[in-house]
Amino acid sequence: MAAGKSARKVIMKERNTTLETTDHNNRNNSENIKETPDERIPGKLIGAIVAVGSLAFIGILTETVMTVLFPQLMREFNVNTATVQWITTIYLLTVAATMPLSSYLNRKFKHRVLFLAAVALAVLGSLTMIFGHAFPVILVARIIQGIGSGVATPLMMNIILEQSPRSKVGRLMGVGSLVITVAPAIGPTVGGAVSSILPWRAIFVIVIPVILLISLPVGLKCIEQHRPTEEAHLNPLQFAAIVLALCGLVMFLNQAGVAVAAASGGAATAPAIFAVISLIVGLGSLFFFGWSSRRSFSPLIRLGWLRDPMVLLHLIAYMLLPIVGIGFGYVITNLAQLSLGTNAFLAGALVLPGALIGAFFAPIGGTLYDRFGPVRPILGAFFLAICGPILLLVFSMRLTPATLAGFYFIFGLGYALGFSNIMTNALRSIAPQFMPDGNAVFNTCLQFGGAAGTALFSTVLSVAQAGAGKEGTEAFSHATAVGGSWTFTVMIVIVAVAICCLITAFRIGAKRK
């Protein structure tokens, strides 16, 4: 009884001090950036980032590889566009569902144990992809790989936030973002190149030696434990609630699109009912998770820091932008093949300039953040990024492969310069003891945004293609181009809302100084 009362007092004290600590951190954020002396980055920290980040890199690489292969996979497994996108969506959804556990895992287990678990899952998932020859088996393999990436990605961010010198946080977060964002840059090109000379399963044959011969030994040598583990306890009811919430919301997007696409044929009733049920389950589970977390003495994720409106607005922007950032890879590769008539290799190559060059600007964006603070580097980056989808919309019915790649380049550059800084700025504004919880929530929202983006844009294209005939016909190509213009319109709205959230957040922060 006494222990229970003591625990209650500790929890209440944490909750009551969260906003006070946040305000203090916000007031001193810019001063800390300027006053912290230049510090050296340990070599082992770089090695740990590369080792853990390479696992996330491989997961995202294989995810983007699969997007350029969708037309081929549709023929091999005899499925339509709305079905084949689950190869990507179920991976992103699994990552999003795993990441809420990262706060618990970070407190409960050592970094090296989590790293070894992520390695084992990545290898097992790749082996299942190699030997699986049925569509459901492929989905199971993507789930296994998603769990591995869901462990690895927040582990890398926790290592950076816990072990990096304070004056180098923005730069190292940019490096971490670089490790992850290079994968979407080269994924479609790798997929197109490999599929042109080898079976697509060869991709997974290649990644296994990389994991075992590079990632594993580097991680075992460089990963260190700077923070003691705790006696954390898993709340299975809350975990089930967040999984149901994520699955329900993504299924709503998918089934709503199926219902709209099927409306002309009179077969929309079943998917429409399923969409409504999914929305109710998703929202209900999300509200239950929030309610339960506030009342629990050992919540899966502590959410008290979200009472700060400035941090909450950062989180909303951080969830919205990956809908466009990750969804772009799907849109460009499929638009190029199904509307412009390019082959898989060229379609993948169109993503390469914007994604690869943009990815290498992520550390530069972090450096600008360390030097100038958050406002100008973040807002300037996204005002540049929004120009990409605006130009794509203007020229949507007259696109060529060159203009498609060029306008995406503009978006990719701005996105890479600013995106990782949103999370960096938000996490530097909360109390240190809530850092693992903030990391878990931000990474979950990132992956959910990616899953929602793929589901949303594949739905838009499916609706536009409905009733347009078979793939390869002129009518089908025109319908896909129309779907592309709808997609670019949605992208503009999403980025504009994210920019408004960030502007509001910075105004709130300015009033506190």
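## Notebook: helix packing and a few buried spots

I started at Ser215, which is found in helix α10 (residues 202-222). For helices I went by DSSP runs, H or I with at least four residues, and for strands E with at least two, numbered from the N terminus. The model is a predicted one: local features need pLDDT of at least 70, side-chain atom pairs count only at pLDDT 80 or more, and totals for chains, interfaces and linings use all residues. Residues are numbered from 1 along each chain as its sequence is written, and side-chain values use heavy atoms, with hydrogens and water left out.

**Ser215.** Is Ser215 buried or exposed? Ser215 has a relative accessible area of 2%, so I noted it as buried. My cut-offs: buried is under 20% relative accessible area, exposed is over 50%, and partly exposed is in between, with a 1.4 Å probe and protein chains only. Leaving out residues up to four places away in sequence, Ser215 touches Ala51, Ser54, Leu55, Phe115 and Val210; contact here means heavy atoms within 4.5 Å. I also looked up Val119, which is 96 residues from Ser215 along the chain, and the two C-alpha atoms are separated by 8.2 Å.

**The whole protein.** I counted 20 helices and zero strands. Of the 513 residues, 59% count as buried. Among contacts with a separation of 6 or more, 85% come from residues 24 or more positions apart.

Ala141 has its place in helix α8 (residues 135-163). Its relative accessible area is 0%, so Ala141 is buried. Not counting residues up to four places away in sequence, I found Ala141 touching Gly125, Thr128 and Met129. From Ala141 to Leu124 I have 17 residues in sequence and 7.9 Å in space, C-alpha to C-alpha.

Ser477 lies in helix α20 (residues 474-512). Its relative accessibility is 18%, so Ser477 counts as buried. With residues up to four places away in sequence not counted, Ser477 touches Leu338 and Ser339.

**α5 with α19.** Next, helix pairs. Two packed helices are described by the angle between their axes and the distance between the axes. The axes are lines fitted to C-alpha atoms, for helices over the stretch in contact, and angles run from 0 to 180 degrees between N-to-C directions. Helix α5 (residues 86-98) and helix α19 (residues 435-465) have axes that come within 8 Å and cross at roughly 160 degrees. I therefore put α5 and α19 down as roughly antiparallel to each other; the classes are roughly parallel under 35 degrees, roughly antiparallel over 145, roughly perpendicular from 65 to 115, and oblique for the rest. The crossing of α5 past α19 is left-handed, meaning the near helix is turned anticlockwise from the far one by less than a right angle, with clockwise being right-handed.

On the α5 side I listed Thr88, Thr89, Leu92, Leu93, Val95 and Ala96, which meet Thr444, Gln447, Phe448, Gly450, Ala451, Thr454 and Ala455 in α19. The residues of this contact divide into seven nonpolar, six polar and no charged. Nonpolar covers Ala, Val, Leu, Ile, Met, Phe, Trp, Tyr, Cys and Pro, charged covers Asp, Glu, Lys and Arg, and the others, Gly among them, are polar.

**α19 with α20.** Which way is the crossing of α19 and α20, left-handed or right-handed? I have it as right-handed, with axes that come within 8 Å and cross at roughly 145 degrees. Among the residues making this contact are Leu456, Phe457 and Val460 of α19, and Phe476, Trp486 and Ile494 of α20. By class, I get 12 nonpolar, five polar and no charged residues.

**α16 with α17.** Helix α16 (residues 375-385) packs with helix α17 (residues 387-394) at about 10 degrees, axes 4 Å apart. α16 and α17 are therefore roughly parallel to each other. Phe383, Leu384 and Ala385 of α16 and Cys387, Gly388 and Pro389 of α17 make the contact.

**Aromatics.** My rule: rings of Phe, Tyr and Trp (its six-membered ring) pair if their centres lie within 6.5 Å, and planes under 30 degrees apart are stacked, over 60 edge-to-face and the rest tilted. The count comes to 14 aromatic pairs. Tyr415 and Phe419 have ring centres 4.9 Å apart and planes at 10 degrees, so I logged the pair as stacked. Both lie in helix α18 (residues 401-427), four residues apart, about one turn of the helix. Tyr415 and Phe419 are both buried. One aromatic cluster includes Tyr415 and Phe419 along with Trp305, Tyr318 and Phe442.
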